[in-house]
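I opened my notebook to keep track of what I looked up in this structure.

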Amino acid sequence: MSQKAALFDLDGVLIDSEGVYYEFWDKIDKMFPTGIPDFAASIKGSTLKHIMDYFPDRDVRERIVEMLVEQEQSMKFVIFDGVLPFLDDLKERDIPCAIVTSSNEDKLHKLFAQHPGFADYFKVVITDSQVTRSKPDPQGYLLAAGKLGCDPADCYVFEDSFSGLEAARRSGARVVGLATTNSRQSIKEKADVVIDSFVGFKI
């Protein structure tokens, strides 16, 4: 029997932060208009490097990064209800877990500092510095599966964003959609299973 694995996106899946980031990027788009409809929603799941491509002016990019650092310095990371019991269940069954996020390592350090022991659930953590192609490219999930020594087809990916769900699908993994950021209706065709949260969710 092949080794199964669970691969998790971070924002909107493990931690309740999407609302904060939506407000931040919506504010940025008002300050430095991109002309893209609902810009804050359209970039969900993208790496910062990819997002910066929308802002060609160097001074603007530097200002945005400064504002983002300020935002995350004071940010409180809230783990969704049901996440820890589910991770405990996976741990008891010896199912390895990974985080695959478009966020940077500094943010992960802050998250793990606020929640001691949370990092212990994950054998692999993939951040923006380890990928060259942002979601919806499956690179991050394929890299995580490889580092865990698992076939992508034996992995279950937990995602909430459209770009993340597409990346998961393209990796060849089985896809569990979280209806935390987008409606069940809008993601049901993009996932094998859709859940509202991890509360009461079992393997």
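Predicted model: local features only at pLDDT ≥ 70, side-chain atom pairs only at ≥ 80, totals over all residues.

**Entry 1: the largest pocket**

I started with who lines the largest pocket, and helix 1 gives the largest share, four residues. For my own reference, helices (H or I, at least four residues) and strands (E, at least two) are DSSP runs, numbered from the N terminus. Residues are numbered from 1 along each chain as its sequence is written, and side-chain values use heavy atoms, with hydrogens and water left out.

I also noted what a pocket is: on a 1 Å grid over the protein atoms alone, it is an open set of points with protein on both sides within 12 Å along at least five of seven lines, while a cavity is a set of points where a 1.4 Å probe fits but cannot get out; lining residues have an atom within 4 Å of a point. Grid points are joined across faces, edges and corners, and a volume is the space filled by probe spheres set on the points.

The volume of the largest pocket came out at about 560 Å³. Its lining has 29 residues, and the closest to the centre are Glu18, Tyr21, Ile43, Lys44 and Gly45. Helix 1 (18-31), helix 2 (39-42), helix 3 (48-52), helix 4 (58-73) and helix 8 (162-171) each put at least two residues into this lining. I sorted the lining by class and got 10 nonpolar, 12 polar and seven charged residues. Here Ala, Val, Leu, Ile, Met, Phe, Trp, Tyr, Cys and Pro count as nonpolar, Asp, Glu, Lys and Arg as charged, and the others, Gly among them, as polar.

**Entry 2: the second largest pocket**

What does the lining look like by class in the second largest pocket? I found 12 nonpolar, no polar and four charged residues. This pocket has a volume of about 260 Å³. Of its 16 lining residues, Tyr156, Phe158, Val176, Phe201 and Ile203 lie nearest the centre. Strand 5 gives the most, with three residues.

**Entry 3: a cavity**

I counted one cavity of 30 Å³ or more. The largest cavity has a volume of about 60 Å³. Its lining includes Thr47, Val100, Arg133 and Lys135, and it divides into two nonpolar, five polar and three charged residues.

**Entry 4: aromatic rings**

How many aromatic pairs does a search of the whole structure find? I got 17. The rule is that rings of Phe, Tyr and Trp (its six-membered ring) pair if their centres lie within 6.5 Å; planes under 30 degrees apart count as stacked, over 60 as edge-to-face and the rest as tilted.

Phe8 and Phe86 have ring centres 6.3 Å apart and planes at 75 degrees, so I wrote them down as edge-to-face. Phe8 is in strand 1 and Phe86 in helix 5, so the pair ties together parts 78 residues apart in sequence. Phe8 is buried at 0% relative accessibility, and Phe86 is buried at 4%. My cut-offs: buried means under 20% relative accessible area, exposed over 50%, partly exposed in between (1.4 Å probe, protein chains only).

Phe39 and Tyr54 make an edge-to-face pair too, with centres 5.4 Å apart and planes at 85 degrees. Phe39 is buried at 1%, whereas Tyr54 is partly exposed at 32%.

One aromatic cluster includes Phe8, Phe86, Tyr121 and Phe158. The charged end of Lys91 sits over the ring of Tyr121, 5.6 Å from its centre; the test asks for NZ of Lys or CZ of Arg within 6 Å of the ring centre and within 35 degrees of the ring normal.

**Entry 5: cysteines**

I found zero disulfides, a disulfide being a pair of cysteine sulfur atoms within 2.5 Å. Cys150 is in none, and the nearest cysteine sulfur, that of Cys155, is 5.0 Å away. Cys150 is buried at 8%, and Cys155 is buried at 0%.

Most residues other than glycine have a negative phi, and most peptide bonds are trans. The bond from Lys135 to Pro136 is cis, with omega near 20 degrees. Asp38 has a positive phi of about 50 degrees and sits in the loop between helix 1 and helix 2. Asp94 also has a positive phi, about 60 degrees, and is exposed at 63%.
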